[in-house]
Amino acid sequence: MPRRSAAAVAETRAAVTEAAVDRASVDGLEGLTIGGLAGEVEMRKSSLFSLFGSKEELQVATLEAAVRDFRAKVWEPVAGEAPGLPRLLALCDSWLAYHERESLPGGCFLTTATVEFDARPGPLRDAVAETMELWLGALEREAAAAIDAGDIPADTDPADIAFELNAVAAAASYGFQLSRDRAVFARARRSMRRALVRGNNRADGA
């Protein structure tokens with residue numbers, strides 16, 4: 001039998017990691033197993049093992065796939081907005097819409113991964129920590145741009161803005177998963193705008 005092309009292998013690996021992201025959003029990265037995933041995607045364990053080589057490699061690939069999905073569906077649609085407050089407001093709406101339309105069955109992947117690995121040293125914890133650092137850094141830079149533009153008061157710490165927006169988005173995700181009440185997203189939008197207004201009414205009607 002001819003060997004599969006690199007493109008075919010990459011396509012299969014992408015399909016498997018997509019299924020793994022859905023599963024891990026519910027069961028956590030530790031809940032992923034080669035055997036369990038093989039049954040879900042209807043592959044032999046040996047074939048799936050050949051794609052990843054180990055459970056840890058599967059977990060890392062799944063985290064990376066989840067981050068790519070989040071970037072494509074949350075960040076990229078608003079990347080063309082003006083830096084600072086306009087992009088932050090659009091980003092908040094895009095972020096909450098991602099959770100509201102239940103893009104993943106278990107809600108926010110990174111919230112689940114952060115809780116799962118925050119106190120467990122190792123490569124996966126390091127990967128999750130690096131991902132969160134990059135995301136909070138992006139939020140902080142947008143907040144700093146809004147402060148420089150005068151859209152947010154100058155005495156605001158941009159790191160506080162990043163922290164609050166991330167905390168509200170996480171709360172909206174797990175709040176909806178627990179209650180199934182879509183009112184949590186409206187509440188989250190109001191909370192995010194309050195965090196951005198800081199006594200300035202320019203974001204109220206956005």
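Residues are numbered from 1 along each chain as its sequence is written, and side-chain values use heavy atoms, leaving out hydrogens and water.

**Cysteines**
- The structure holds zero disulfides (a disulfide is a pair of cysteine sulfur atoms within 2.5 Å).
- Cys92 is buried, with a relative accessible area of 1%, and Cys108 is buried at 12% (buried means under 20% relative accessible area, with a 1.4 Å probe and protein chains only).

**Nonpolar core**
- The largest nonpolar core has 60 residues; such a core is a set of buried Ala, Val, Leu, Ile, Met, Phe, Trp, Tyr and Cys residues joined through side-chain atoms within 4.5 Å.
- Helix H7, residues 123–148, gives the most to this core, with 10 residues (a helix is a DSSP run of H or I, at least four residues, numbered from the N terminus).
- Leu29, Trp95, Phe109, Leu165, Met192 and Leu196 touch the most other members.
- Leaving aside residues up to four places away in sequence, Met192 touches Cys92, Trp95, Leu96, Leu165, Val168 and Ala169 (contact means heavy atoms within 4.5 Å).

**Confidence**
- The protein averages a pLDDT of 91, and 94% of the residues score at least 70 (pLDDT is the predictor's confidence in each residue, from 0 to 100).
- Over residues 202–206 the pLDDT is below 50.
- Where pLDDT is low, the predicted coordinates should not be read in detail.

Definitions and conventions:
This is a predicted model: local features need pLDDT of at least 70, side-chain atom pairs count only at pLDDT 80 or more; totals for chains, interfaces and linings use all residues. Buried means under 20% relative accessible area, exposed over 50%, partly exposed in between (1.4 Å probe, protein chains only). Helices (H or I, at least four residues) and strands (E, at least two) are DSSP runs, numbered from the N terminus.
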